[in-house]
Amino acid sequence: MTHHPPVLLAGDIGGTKTALALYAVEHGPRQPLTQATFPSQNYASLESIVREFLADRAVRVTRASFGVAGPVDNGRAQVTNLPWIVEAQALSAVLEAPVVLLNDLAAIAHAIPYLKDADLETLNAGQVDPHGALAIVAPGTGLGEAFLVWDGQRYRPFPSEGGHADFSPTTPLQVELLIYLQARFDHVSYERVCSGKGLPNLYAFLKDTDRYSEPKWLHDDLARAADLTPVIVQAALDQRAEISVATMDLFVSILGSEAGNLALKVLATGGLYLGGGIPPRILSLLTPAAFLSAFTRKGRFADVLARVPIHVIRQPQVALFGAACHGLEAETQRD
């Protein structure tokens, strides 16, 4: 009888793509045995992707850990932007092994203690409290937030839905933005103004209030685009359109303010981490004058926040990496 060593199956499950990888305990989360990416919308379920991924691989999966872009409740998740219901029990039956589902931000949170300097871009070195709380703000398609606290032996991640909390303006311009958006939405959350979905709202506000004109070439590019956000961001990075630059300046100011809010709420003296797809894309725009001034503008607690280390996560597969960290931790503890 052929003996196959036990391995962990980890995954990052999103509306656009699903990344799966196999890991051995002795190799750790940075050296997958094999991995592959699948277009999620081409499949009817995660189970079908898992079966295809494992079909030609002679392995014995002893545990699986999946980060899912969507809320997870009692081992069941609805993937955002995908008509899938992912259930740990159904996946466990396919794999004949225990399965854990994590929200994608919880997966990223599990990765934080394992990140190295090469995985990060530091915006503020600050003064690190070795066991201080850690906070994550992750603007991607939506706005994810999470935090970690030290329990005496290790960091424990906790999810949050802070991205759906009320947007609180901090400048006269942001006050006008809130009034503008309140006429369009029942509830104006931070996600409405600080995410890939929210960026077009900022652009529309600056355009509709006649603060900036829209160049014809940009109007045409936006009219052709299925997703307006990459067009707006690129025009700002290229310094081609004043309205796009102003949109990103407003975005960075709001991001800095909300990151400061979370850092205060959990007292993130261990560090604040910016995740999601947008921050590494706009590093040139995250200048101290733009981001840090908004982050530290908290009255009597400005000095406290000035000491908080701030990092941008540059690890491109951090959710997959975090799911692997979670699963390998569990496998090690079982041993």
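Reader: Where do Phe291 and Phe295 sit relative to each other in helix α10?
Author: This is a predicted model. In it, Phe291 and Phe295 are four residues apart in helix α10 (residues 288-296), so about one helical turn separates them.

Reader: Buried or exposed, Phe291 and Phe295?
Author: Phe291 is buried, at 1% relative accessibility, and Phe295 is buried too, at 0%.

Reader: OK, zooming out. How many aromatic pairs does a search of the whole structure find?
Author: Seven aromatic pairs turn up. One of them is Phe38 with Phe53: the ring centres are 6.3 Å apart and the planes meet at 90°, so that pair is edge-to-face.

Reader: Which parts does that pair tie together?
Author: Strand β3 (residues 34-39), which holds Phe38, and helix α1 (residues 46-54), which holds Phe53, so the pair links parts 15 residues apart in sequence. Phe38 counts as buried at 8% relative accessibility, and Phe53 is buried with a relative accessible area of 1%.

Reader: Switching to charges: what sits over the ring of Phe185?
Author: The charged end of Arg192 does, 3.9 Å from the ring centre. Elsewhere, Arg240 lies over the face of Trp217, at 3.8 Å from the ring centre.

How values were computed
Residues numbered from 1 in each chain as written. Predicted model: local features only at pLDDT ≥ 70, side-chain atom pairs only at ≥ 80, totals over all residues. Heavy atoms only, no water. Phe/Tyr/Trp six-rings, centres within 6.5 Å; stacked < 30°, edge-to-face > 60°. Helix = DSSP H or I, 4+ residues; strand = E, 2+ residues; numbered from the N terminus. Buried < 20%, exposed > 50% of the residue type's maximum accessible area, 1.4 Å probe, protein only. Lys NZ or Arg CZ within 6 Å of the ring centre and 35° of its normal.
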